Every structure is written in C-alpha cells, then in structure tokens.
Amino acid sequence: MASVLRIVGEAVCDLVFPWRCVLCQAAGPAVRGPFCASCRGELLAEAAAYRGASCPRCALPVGPYADLNGGCSECRGKSLGFDAAVALGPHRKDDPPWREFVLAMKDERGAFLAPALATLQAEARREDFQAVPADALVTPVPQHWFRRLRRRYNQTDALARALAVALRLERRDALRRVKYTPHLVGRTRQDRDAVMRGAFAARRGAALKGRTVLLIDDVLTTGATLGSAARALKRAGASRVVAVVVSREE
C-alpha cells in the first residue's frame with residue numbers, strides 16, 4: 001500500500017510541479033531532479049574522466065604523462081594543509097558546467113543542486129571514497145558568524161549535508177571561523193595566504209584525534225582557504241584531511 005501511495009504521489013507531483021533539466025531544459029516524468037538521465041550520464045562521465053586527468057593531491061588538471069609522484073609539478077614539495085583533493089571538474093568560464101553550478105549555489109535558490117552534485121561526486125569518485133575510513137567525518141568550511149548572520153545560508157554546508165548522506169558518513173561542524181576575512185577574488189596567492197592565516201579553529205569537543213576529515217567547499221582556487229581550514233583540523237588531531245569541491249580553478 002505504501003509503495004502504491006508513493007507512486008501516486010510522484011505522479012501527481014510530476015503533473016503539478018514538473019522538474020526541468022537545468023542543462024537541456026527537458027521536462028516530464030522522467031526528470032526527477034536537476035538533470036535528465038541523458039545529461040546526468042554525461043556529467044558522470046565527465047566527472048569520472050576528470051579523476052584520471054587531475055592531480056590527486058591538489059586536483060589541478062594534468063597531462064596524460066604527468067609525473068604525479070608526490071603531487072603534480074605545481075604542488076609537489078609545497079605545504080597545502082590538506083592531504084588530497086577531489087573535484088568534479090575544472091572551474092573555467094569557457095568550459096561549463098561546473099563553474100555555473102558553483103555560481104548558482106552561491107544563492108540559496110541554487111541549494112537544490114547540492115544533493116545531485118553530491119551523488120555525482122560519490123559515484124564518479126567511488127574508489128577515492130571507498131578508501132576513506134568508516135569513521136571519517138564530513139565538515140564544511142564555515143562562514144564567519146557575521147557573514148552567516150547576514151546571508152543565513154552557506155552553500156558549503158548544503159554540499160556537506162548532501163555528501164554525508166550520499167556516503168553514509170557523519171557530518172559534523174568541526175570548525176569555526178575566528179577571523180572575519182574580506183573576499184579573496186582578485187587577490188594574489190600570497191595575499192590570500194596572508195588573509196586566511198589563522199582564520200579557523202576547531203570547535204571545542206570536535207573529537208578529531210586520529211580521524212579522517214572530508215573538508216567541503218564549493219571551489220578550490222589557490223588553496224588558501226581550504227589549507228587554512230585543514231591546518232586547524234590537523235592542529236586539533238585530525239590525521240588526514242581530504243578537500244572535496246565541485247570545481248577546481250587553474
């Protein structure tokens with residue numbers, strides 16, 4: 001009886017509130033989320049391909065014959081703060097759609113994309129996530145309380161909640177932002193590092209000792225924000241931090 005009611009309910013919703021694919025604009029009963037089956041398949045294939053075309057340490061795109069021992073030529077020998085990075089694709093203006101997804105999610109109206117992107121991440125990078133311990137934690141990069149008070153929405157929190165569900169891991173607010181920082185757009189790598197230094201601290205009682213943490217953000221640019229957050233997690237006892245983002249800027 002419950003299954004019959006569910007089917008009827010879904011049919012009514014399809015008629016009254018039909019989904020429309022955000023990429024190809026297809027609509028109808030077959031579209032049950034932001035993407036139709038065809039577009040979702042293409043996104044999954046692109047995301048899976050990016051795994052083999054990016055550095056496992058910093059997620060930058062690399063060539064087919066790149067030496068990735070200890071990272072790529074851009075990150076090898078550098079202290080990043082985090083131990084590995086996972087991205088769905090590149091953050092390029094002329095190469096949609098990953099950048100567009102990130103921009104859409106800056107506004108709360110784009111939060112509906114989070115579950116779909118999280119399941120794509122879980123499927124496309126299954127091998128990476130299967131290597132994560134069962135007691136690993138999922139935590140978002142937090143906003144400063146003043147910015148959160150004004151916006152009342154944090155896209156990284158939406159992504160973290162969705163990924164925790166997709167991976168069946170515990171989501172925990174392990175960090176707090178202790179320093180109000182200006183926007184980093186347009187700043188050099190050195191400026192970003194200076195601005196973000198000491199910007200985060202682990203929450204009291206976070207219980208991170210020996211734990212692996214999946215640190216969630218929407219985009220990885222220079223790594224200043226994620227690096228600072230990862231270092232705070234490490235100071236609190238985390239043994240390994242994996243940065244997980246939607247897109248990676250070159």
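Student: Hi! Is Lys106 buried, partly exposed or exposed?
Tutor: Hello! This is a predicted model, and in it Lys106 counts as partly exposed, at 37% relative accessibility.

Student: Which residue does the Lys106 side chain meet in a salt bridge?
Tutor: Asp218, with 2.8 Å from N to O. Lys106 sits in the loop between α3 and α4, and Asp218 in the loop between β6 (212-216) and β7 (219-220), so the pair ties together parts 112 residues apart in sequence.

Student: And why does Asp218 count as buried?
Tutor: Because its relative accessibility is 4%, and buried means under 20%.

Student: How many salt bridges does the structure hold?
Tutor: There are 14. One of them joins Arg92 and Glu250, whose closest N and O atoms are 2.4 Å apart. That pair links distant parts of the chain: Arg92 is in the loop between β1 (84-90) and α3, while Glu250 is in the segment after β8 (240-248).

Student: Switching to helices: at what angle do α3 and α4 pack?
Tutor: About 140 degrees, with the axes 11 Å apart. The crossing of α3 past α4 is left-handed.

Student: Which residues make that contact?
Tutor: On α3 they are Trp98, Phe101, Ala104 and Met105, and on α4 Leu113, Ala114 and Leu117. Seven of the contact residues are nonpolar, with no polar and no charged ones.

Note on methods:
Residues numbered from 1 in each chain as written. Predicted model: local features only at pLDDT ≥ 70, side-chain atom pairs only at ≥ 80, totals over all residues. Heavy atoms only, no water. Axes fitted to C-alpha atoms, helices over the stretch in contact; angles between N-to-C directions. Helix = DSSP H or I, 4+ residues; strand = E, 2+ residues; numbered from the N terminus. Left-handed = near helix turned anticlockwise from the far one by under 90°. Contact = heavy atoms within 4.5 Å. Nonpolar A, V, L, I, M, F, W, Y, C, P; charged D, E, K, R; others polar. Salt bridge = Lys/Arg side-chain N within 4 Å of Asp/Glu carboxyl O. Buried < 20%, exposed > 50% of the residue type's maximum accessible area, 1.4 Å probe, protein only.
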